[in-house]
Amino acid sequence: MPTIPGSGLAKGLAVTLRTMTKRTVTAQYPDVQPELPPRTRGVIGLFEENCTVCMLCARECPDWCIYIDSHKETVPAAAPGGRERSRNVLDRFAIDFALCMYCGICIEVCPFDALFWSPEFEYAETDIHELTHERDKLREWMWTVPEPPALDPGAEEPKEIAAARKAADKLRAEEAKRAEEAQQAEQPGQAARPGQAGQEGQE
């Protein structure tokens, strides 16, 4: 189909005319904060209690912008006769946001849910070296992480919640059984022992 001469100019002018008739809207930032989408990628928050220093996030990071230091501590045996165990203790967890490209791979590969996206975006610095934020700052950003969206009404229950509920129901049933046995033991025996009724009849 041949192109009509001047059609591109007409389309451009039409866009200009539509824009000229609309009211101008100015974002009053920073007095008015913008409404960010729920899955905004701002910064990365660290939930330190869940971190096991597996180093998976640092190894999978394509920019190598995650720095982790740790040491090992010996945990005494939980029961007599058991053996001691060793565990990793986190000393440093830092992210260089001057290198980070916000791909989210570290959050996806974390097997223990220690990293989360925060919508916080106001962290500009005058010095590029100050964009390396340590775990204290990452912990502060953790409290700005929004709650996860609710599941669909027809969605399956998460496996973790189902397993926890199954274990809780099993424990509750065991406690109820023990309580019932204890209650029966406290009540005086109403039924005669075997042979007792016969002996009373002979007397």
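A: A salt bridge is a side-chain nitrogen of Lys or Arg within 4 Å of a carboxyl oxygen of Asp or Glu. Side chains of opposite charge can pair when their charged atoms come close. This is a predicted model, in which local features need pLDDT of at least 70 and side-chain atom pairs count only at pLDDT 80 or more, while totals for chains, interfaces and linings use all residues. Residues are numbered from 1 along each chain as its sequence is written, and side-chain values use heavy atoms, with hydrogens and water left out.

The structure holds six salt bridges. One of them joins Arg135 to Glu48, with the closest N and O atoms 2.9 Å apart. Arg135 lies in helix α4 (residues 135-142) and Glu48 in the loop between β1 (43-46) and α2 (56-60), so this pair ties together parts 87 residues apart in sequence. Helices (H or I, at least four residues) and strands (E, at least two) are DSSP runs, numbered from the N terminus.

Another salt bridge links Arg139 and Glu49, at 3.0 Å from N to O. Arg139 lies in helix α4 and Glu49 in the loop between β1 and α2, so the parts they tie together are 90 residues apart in sequence. Arg139 is partly exposed at 21% relative accessibility, whereas Glu49 is exposed at 51%. Here buried means under 20% relative accessible area, exposed over 50%, and partly exposed in between (1.4 Å probe, protein chains only).

Asp169 and Arg172 also form a salt bridge, at 2.8 Å from N to O. Both lie in helix α5 (residues 159-186), three residues apart, about one turn of the helix.
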